[in-house]
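My entries follow the order in which I looked.

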Amino acid sequence: MKRAFFFIAIMAVAFTGCEEKKLAEIRFCTDVRPHEPCIGEDTVFMQGTNVWAQLWLDPGFKDNSVTAHLYGYQEGKRIFIESIHHELSNDQQVIMEPLFFNSSGNFEVEFRDSGGNLLDKKGFEIW
């Protein structure tokens, strides 16, 4: 019994210690202001509403550029819409991208670093 408990304890420590630190997080907002960087944060918006995609970078993120890829969903299939490349200034921690849509549907934004590694992806809906 002691061996089983010891084995379970070691496995629990091993799996929780392997968690990778997230270097970026996506937020969707309806407005941005200097002292309020994300107003109306949500993942569901009404058609005609301004939507901003924001990528918040961890201070430990060290790269000189990121690329945003925008996708839509049509009949359950992910359809590429566009890519937007962002050059980063020193110590830049937030990238803001306005998204303008004239149609409703489900969409997804993913951000990748200069090496093509996925930083974060998140979906949103416009109805």
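The entries below record what I found.

**Basis.** I worked with a predicted model, in which local features need pLDDT of at least 70, side-chain atom pairs count only at pLDDT 80 or more, and totals for chains, interfaces and linings use all residues. Residues are numbered from 1 along each chain as its sequence is written, and side-chain values use heavy atoms, with hydrogens and water left out.

**Confidence.** I first looked up pLDDT, the predictor's confidence in each residue, from 0 to 100. The protein chain averages 85, and 83% of the residues score at least 70. Over residues 4-17 the pLDDT stays under 50, and the model has zero contacts beyond four places in sequence for that stretch. A contact means heavy atoms within 4.5 Å.

**Fold.** Among contacts with a separation of 6 or more, 55% join residues 24 or more positions apart.

Of the 127 residues, 30% count as buried; buried means under 20% relative accessible area, exposed over 50%, and partly exposed in between, with a 1.4 Å probe and protein chains only. I then looked up the nonpolar core, a set of buried Ala, Val, Leu, Ile, Met, Phe, Trp, Tyr and Cys residues joined through side-chain atoms within 4.5 Å. The largest core has 22 residues, and those touching the most other members include Phe 28, Leu 55 and Phe 124. Strands E1 (24-29), E5 (51-57), E6 (65-74), E8 (94-99), E9 (105-113) and E10 (118-126) each supply at least two residues. E5 gives the most, with four residues. I also listed the contacts of Phe 124 beyond four places in sequence, among them Phe 28, Phe 45, Leu 70 and Val 109.

**Disulfide.** How many disulfides does the structure hold? I found one, taking a disulfide as a pair of cysteine sulfur atoms within 2.5 Å. Cys 29 and Cys 38 form this link, with their sulfur atoms 1.7 Å apart. The link is left-handed, with -90° about the S-S bond. Both Cys 29 and Cys 38 are buried.

**Loop residues.** Which loop holds Gln 93? I located Gln 93 between strand E7 (77-87) and E8. Gln 93 is partly exposed, at 36% relative accessible area. Beyond four places in sequence, Gln 93 touches Leu 55, Trp 56, Leu 57, Asp 58 and Pro 59. The C-alpha atoms of Gln 93 and Leu 55 are separated by 8.0 Å, although the two are 38 residues apart along the chain.

I next looked up phi for two residues. Glu 75, a residue other than glycine, has a positive phi near 55°. Glu 75 sits in the loop between E6 and E7 and is exposed, with a relative accessible area of 82%. Asp 91, also a residue other than glycine, has a positive phi near 60°. Asp 91 lies in the loop between E7 and E8 and counts as exposed at 70% relative accessibility.
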